[in-house]
Amino acid sequence: MSNEILKQIQELTYNGRLDVPQATPKPAATQFTDHADIEGMRTAGKLAADVLNMLLPFVVPGVTTNELDIIAHNYIVKEQGAIPAPLDYHGFPKSICTSVNDVICHGIPNDKKLKKGDVVNIDITIIKDGYYGDTSRMFFVGEPAPHVQRLCRVTQESLYLAIKMVKPGVRIGDIGAAIAAYAHKHNYSVVEEYCGHGLGTTFHGEPQVPHYGVAGTGVVLEEGMTFTIEPMINAGKKDVKHSGQDNWIAKTKDGRLSAQYEHSLLVTADGVEILTLREEETGLI
Ligand code: MF3
Ligand code: CO
Ligand code: CO
């Protein structure tokens, strides 16, 4: 790690929960018609995406996931005036999720240093003015091996192809079926225990968005719905095992790699708006 980065980390103080402002609770909703609500969702999505961009230069060999948690926590609270949604969510102990290598999701930041060749999903959820933004991406630590790169690319492509399908009238089962077909075509498996979800003025609401399913079935999408798609794709088998505090951490049972990408979406009159789009993705989707 460069001295500059180390210095920045050392200058940060993590006051834990004390410095987190109180949420302004709004009635739980995951579908909106009011312009003000939609603007609130746009702002929250942009802030969540900005955290991923901000973290990029810090994800280098030698950094610990606890340090990444501290950096993200401070940025969210102090720079963005927002709330890190994971902290204390059903007892989750940290402000971000960091899922390294065979960890599928809900990895808890710790004091282990990342090393060259690791691959880590960082999942950011923030609350701004009561609205939630939720997004994640994979980060390579050093140069990734070709098989790692391929798993991540296919997972990201499965998210993008699903996003492109979203518009009023499409059914939840259509989306899941398309993601699973794409993963299986590449000889990967799809995690079934965790799904995308409605989000809005609540973290996890209706509808559930499985990354597998039967086309032509499930909830019909309508204008104004806001939800995530967040496929978790495994290099080996789909099976999950749990560990860590309150069994939060989900790992692959076979110890092989898992990848995940996530965006928050708004169903528009004739398509979709990606609320957590990053600049580098324009043109990709
Ligand atoms: N951000 C995760 C999601 O995409 C949820 C994390 S819950 C936590 O739904 F408590 F682990 F943070
Ligand atoms: Co989510
Ligand atoms: Co998330």
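Mentor: A residue is buried if 20 or more other C-beta atoms lie within 10 Å of its own, exposed if 12 or fewer, and partly exposed in between, with C-beta atoms placed from the backbone. Strands (E, at least two residues) and helices (H or I, at least four) are DSSP runs, numbered from the N terminus. This is a predicted model, in which local features need pLDDT of at least 70 and side-chain atom pairs count only at pLDDT 80 or more, while totals for chains, interfaces and linings use all residues. Residues are numbered from 1 along each chain as its sequence is written, and chains are lettered from A and ligands numbered from 1 in the order in which they are written.

Trainee: Why is strand S4 described as largely enclosed by the rest of the structure?

Mentor: Ten of the ten residues of S4 (residues 119–128) are buried, so the strand is largely enclosed.

Trainee: How should I read the pairing of strands, and which strands does S4 pair with?

Mentor: Strands of a sheet pair through backbone hydrogen bonds, either parallel or antiparallel. Two strands count as paired if DSSP finds at least two bridges between them. Strand S1 (residues 83–84) is joined to S4 by two bridges and runs antiparallel to it; here isoleucine 83 has isoleucine 127 as its bridge partner. Strand S2 (residues 97–100) pairs with S4 over four bridges, also in the antiparallel sense, and threonine 98 is partnered by isoleucine 122. Ten antiparallel bridges join S4 to S5, with isoleucine 126 opposite glycine 133.

Trainee: How many residues lie between S4 and S5?

Mentor: There are two, and the strands form a hairpin; aspartate 129 in the turn has a positive phi of about 50°.

Trainee: Is tyrosine 131 buried or exposed?

Mentor: Tyrosine 131, which belongs to strand S5 (residues 131–140), is buried, with 29 other C-beta atoms within 10 Å. Two residues are in contact if their C-beta atoms, placed from the backbone, lie within 7 Å. Leaving aside neighbours within four places in sequence, the contacts of tyrosine 131 include Gly40, Met41 and Thr201. Tyrosine 131 and threonine 201 are 70 residues apart in sequence, yet 4.7 Å apart in space, C-alpha to C-alpha.

Trainee: How does one read a helix such as H2?

Mentor: An α-helix has 3.6 residues a turn, so residues three or four places apart point the same way. Helix H2 (residues 35–55) has 21 residues and reaches 31 Å from its first C-alpha to its last, close to the expected 30 Å; that expected span is 1.5 Å times one less than the number of residues. Among the buried residues of H2 are Gly40, Met41, Ala44 and Val51. Their cover includes helix H3 (65–79), S4 and S5.

Trainee: Which residues surround ligand 1?

Mentor: Among them are Tyr89, Cys97, His106, Asp123, Thr125 and Glu262. A residue is near a molecule if its C-beta atom, placed from the backbone, lies within 6 Å of it. By class, this shell has four nonpolar, three polar and four charged residues. Ala, Val, Leu, Ile, Met, Phe, Trp, Tyr, Cys and Pro count as nonpolar, Asp, Glu, Lys and Arg as charged, and the others, Gly among them, as polar.
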